[in-house]
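This report describes selected features of one protein chain. Please examine the sequence and the structure below before reading on.

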Amino acid sequence: MKAIGYTQSLPSSDANSLLDIQLPEPTPGPRDLLVEVRAISVNPVDTKVRQRAQPAEGQYKVLGWDAAGVVRAVGSEVSLFKPGDKVWYAGDLTRPGSNAELQLVDERIVGPMPQSLDFAHAAALPLTTITAWELLFDRLQVAEGKASAGQSLLIVGAAGGVGSILTQLARQLTGMTVIGTASRPETQEWVRNLGAHHVIDHRKPLSEELKRIGVGEVTHVASLNQTEEHLAEIVASLRPQGRLALIDDPLNLDVRLLKQKSLSLHWEFMYTRSMFQTDDMIEQHKLLQRVAGLIDSGVLKTTLGEHFGRIDAANLRRAHALLESNTAKGKIVLEGF
């Protein structure tokens, strides 16, 4: 089968950083689906793993943690899907990724693809949707519906992949006031169109920007990038006993800043369930199934930002470079081999 992989960690500008290769077709285990990958999207985790994870000598590492495709075969214990089903998923960080014609994935972290989307628009969503949903409802423990009225959520980095779907989830499914940050006119307009009540500029002090729009303090913050840089302003912007959740990897985080206001800190990593084979792995199947219904009913929409063409090494290198520039809007999608 066709795949894109690498043998050594190199800059995305290097032609050898991602290579077009051929690999044997995989065989499904008891709870696996063998999926024919039709479309993928690219996430910051792809670039981080490429930069940090050196494959074993003589081995290729295949990246990719977003896919939409068709089930070709199922394992002996599979009960949720059958061959021919259209599916979407974010996969498992510990297994070969979706940058391949065929991929194995545990059925418990797979959902039925939204009927109203094509493969490309569906592939833009799984990883970021799972991340945003778990961050909002599991980590920050925000209640759905009117119970969250009077609360406010500041999303730092709202124009990116996770921010684009988190903005929608918070606006459509909760009663919170949603404030997104974006630094350029086109990304600010993107966040407004996704439903944010307010958009502020994260290049300026967050607490001052909040005062500019008439907001003193917020009850919740979702920090999606550059948390270390923004931490002092995040603390200044949070109401006492507020909640902060993050998804990035700051090298240094002075949590002592949170003490005076009794702020709580929460980390979201959507691979925890699959990595540790937790008892509640199937919650990600249920989550994706529910979100598919929300998309088909028009409550949520895809966050596809750019379509980079077919799935090959050259286009993936371009996608990695754009993500590393921190200027991407929405999700970068590739389709077909």
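## Loop residues with positive phi

Ser262 is located in the loop that connects strand 13 (238–246) and strand 14 (264–267). Helices (H or I, at least four residues) and strands (E, at least two) are DSSP runs, numbered from the N terminus. Although Ser262 is not a glycine, its phi is positive, near 55°.

Gln141 occupies the loop between helix 3 and strand 9 (152–156). This residue, also not a glycine, has a positive phi of about 55°. Gln141 counts as exposed because its relative accessibility is 54%; exposed means over 50% relative accessible area, buried under 20%, and partly exposed in between (1.4 Å probe, protein chains only).

## Basis of the model

The model is predicted: local features need pLDDT of at least 70, side-chain atom pairs count only at pLDDT 80 or more, and totals for chains, interfaces and linings use all residues. Residues are numbered from 1 along each chain as its sequence is written, and side-chain values use heavy atoms, leaving out hydrogens and water.

## Helix 9

Helix 9 comprises 15 residues (282–296). Its buried residues include Leu287, Leu288 and Val291. The buried residues of helix 9 pack against several elements, among them helix 3 (126–139) and helix 4 (161–173), where contact means heavy atoms within 4.5 Å. After helix 9 comes Gly298, with a positive phi near 85°.

Three strands form an open sheet in the order 2-1-4, with antiparallel pairing. Strand 2 (19–22) and strand 4 (61–62) are its edge strands, each pairing on one side only. Two strands pair if DSSP finds at least two bridges between them; strand 1 (residues 2–6) and strand 2 are joined by four bridges. Ala3 stands opposite Ile21 of strand 2.

Methods: Expected span 1.5 Å × (residues − 1).
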